[in-house]
Amino acid sequence: MNIAPRAKVDDGLFDVITLNVSSARDYFGMLRIYKGEHLGMDFVESARAKRIVATSEERVLIDMDGEQPGQLPATFEIVPLAIYLKTGPEGINAE
């Protein structure tokens, strides 16, 4: 999946993508996520942030890359230079 096709690992910002699916048409439109072609669709909102605070009145479990580290409320922040990324000759996005 290419949920945040404009995201950069070194710009210090989260790319936050929200899907507000309300119809079968929207649901099938979500298939465009696999190619990163969903931005700009009616049911997709995007934003950029240095800090994200997520809350809910209901119990919401957090899923991060297939792991479940806890539940809401949660705060997420970018920590500059917290991890080292080995790059190829073309830079971070080298294939």
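This is a predicted model: local features need pLDDT of at least 70, side-chain atom pairs count only at pLDDT 80 or more; totals for chains, interfaces and linings use all residues.
**Notebook: a strand residue, salt bridges and a pocket**

I started at A74, which sits in strand β6, covering residues 74-77.

Is A74 buried or exposed? I looked it up: the relative accessible area is 13%, and since buried means under 20%, A74 counts as buried. I then listed its contacts, skipping residues up to four places away in sequence, and found I52, V53, A54 and I62. I also checked A74 against D10: they are 64 residues apart in sequence and 23 Å apart in space, C-alpha to C-alpha.

Next, salt bridges. Side chains of opposite charge can pair when their charged atoms come close. I got three of them.

- D11 pairs with R48, with the closest N and O atoms 2.1 Å apart. D11 is in the segment before β1 and R48 is in strand β2, so this pair ties together parts 37 residues apart in sequence.
- D15 also meets R48, at 3.5 Å from N to O. That links strand β1 to strand β2, 33 residues apart.
- E77 meets R51 at 3.8 Å, N to O. E77 is in strand β6 and R51 in strand β3, so parts 26 residues apart in sequence are tied together.

I noted that D11, D15 and R48 form a linked network. R48 is partly exposed at 45%, and so is D15 at 22%. E77 is exposed, at 51%.

Last, I opened the largest pocket, which holds about 1200 Å³ of space. It has 33 lining residues, with K8, L13, F14, D15 and I78 nearest its centre. β1 gives the largest share, five residues. I sorted the lining into 25 nonpolar, two polar and six charged residues.

Note on methods. Residues are numbered from 1 along each chain as its sequence is written. Side-chain values use heavy atoms; hydrogens and water are left out. On a 1 Å grid over the protein atoms alone, a cavity is a set of points where a 1.4 Å probe fits but cannot get out, and a pocket is an open set with protein on both sides within 12 Å along at least five of seven lines; lining residues have an atom within 4 Å of a point. Grid points are joined across faces, edges and corners, and a volume is the space filled by probe spheres set on the points. Helices (H or I, at least four residues) and strands (E, at least two) are DSSP runs, numbered from the N terminus. Ala, Val, Leu, Ile, Met, Phe, Trp, Tyr, Cys and Pro count as nonpolar, Asp, Glu, Lys and Arg as charged, and the others, Gly among them, as polar. Buried means under 20% relative accessible area, exposed over 50%, partly exposed in between (1.4 Å probe, protein chains only). Contact means heavy atoms within 4.5 Å. A salt bridge is a side-chain nitrogen of Lys or Arg within 4 Å of a carboxyl oxygen of Asp or Glu.
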